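Subject: Structure handover and notes on its contacts and charges

Dear colleague,

I am passing on the structure below, followed by my notes on what was found in it. Please read them alongside your own view of the coordinates.

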Amino acid sequence: MSKIDPDDDVLTLINTVNVDPDRQQELIDLLIEATTDVMRHLDGFVSANLHSSLDGSHVANYAQWKSKAHFEAMLGNPEPRIHMEQASAMANSVKPLLYQAVHSDSVPTP
């Protein structure tokens with residue numbers, strides 16, 4: 001489960017993908033497959049969360065890795081590259097950026 005805590009030393013990837021609305025679900029299905037079959041088994045993987053825009057034009061992936069070194073090792077691994085190339089092929093544009101959490105706030109649950 002994802003946890004956003006600025007005190008945790010994790011790297012966050014927020015990848016925003018522009019896609020034709022008729023391919024949004026196909027992209028989501030591919031990213032779910034990549035996460036369950038590959039990413040979650042890689043050293044340093046913490047979590048992944050997929051979000052679909054209501055207009056169908058975007059998919060956002062919020063993924064956490066233990067460190068930048070773990071993330072870069074994933075990028076160098078040929079197995080995830082297959083899925084990333086397939087996702088890029090169906091996208092109009094891809095904008096992956098690395099972040100660190102600096103603040104998190106929420107309403108306490110009862």
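E72 and K68 both belong to helix α2 (residues 68–75), where they are four residues apart, about one turn of the helix; helices here are DSSP runs of H or I with at least four residues, strands are runs of E with at least two, and both are numbered from the N terminus. The side chains of E72 and K68 meet in a salt bridge at 3.9 Å, N to O, a salt bridge being a side-chain nitrogen of Lys or Arg within 4 Å of a carboxyl oxygen of Asp or Glu. E72 is partly exposed at 44% relative accessible area, and K68 is partly exposed at 48% (buried means under 20%, exposed over 50%, partly exposed in between, with a 1.4 Å probe and protein chains only).

Please bear in mind that this is a predicted model, in which local features need pLDDT of at least 70 and side-chain atom pairs count only at pLDDT 80 or more, while totals for chains, interfaces and linings use all residues. Residues are numbered from 1 along each chain as its sequence is written, and side-chain values use heavy atoms, with hydrogens and water left out.

The structure holds three salt bridges. Another of them joins K3 and D8, at 3.4 Å from N to O, with K3 partly exposed at 48% relative accessibility and D8 partly exposed at 30%. R23 forms a salt bridge with E26, their closest N and O atoms being 3.0 Å apart; R23 is partly exposed at 28%, and E26 is partly exposed at 39%.

Turning to the strands, N15 lies in β1 (residues 11–18) and counts as buried because its relative accessibility is 16%. Leaving aside neighbours within four places in sequence, N15 is in contact (heavy atoms within 4.5 Å) with V59, A60, N61, V94, K95 and P96.

I4 lies in the segment before β1 and is partly exposed at 42% relative accessibility. Not counting residues up to four places away in sequence, I4 touches Y62, Q64, A101 and S104; I4 and Q64 are 60 residues apart in sequence and 9.3 Å apart in space, C-alpha to C-alpha.
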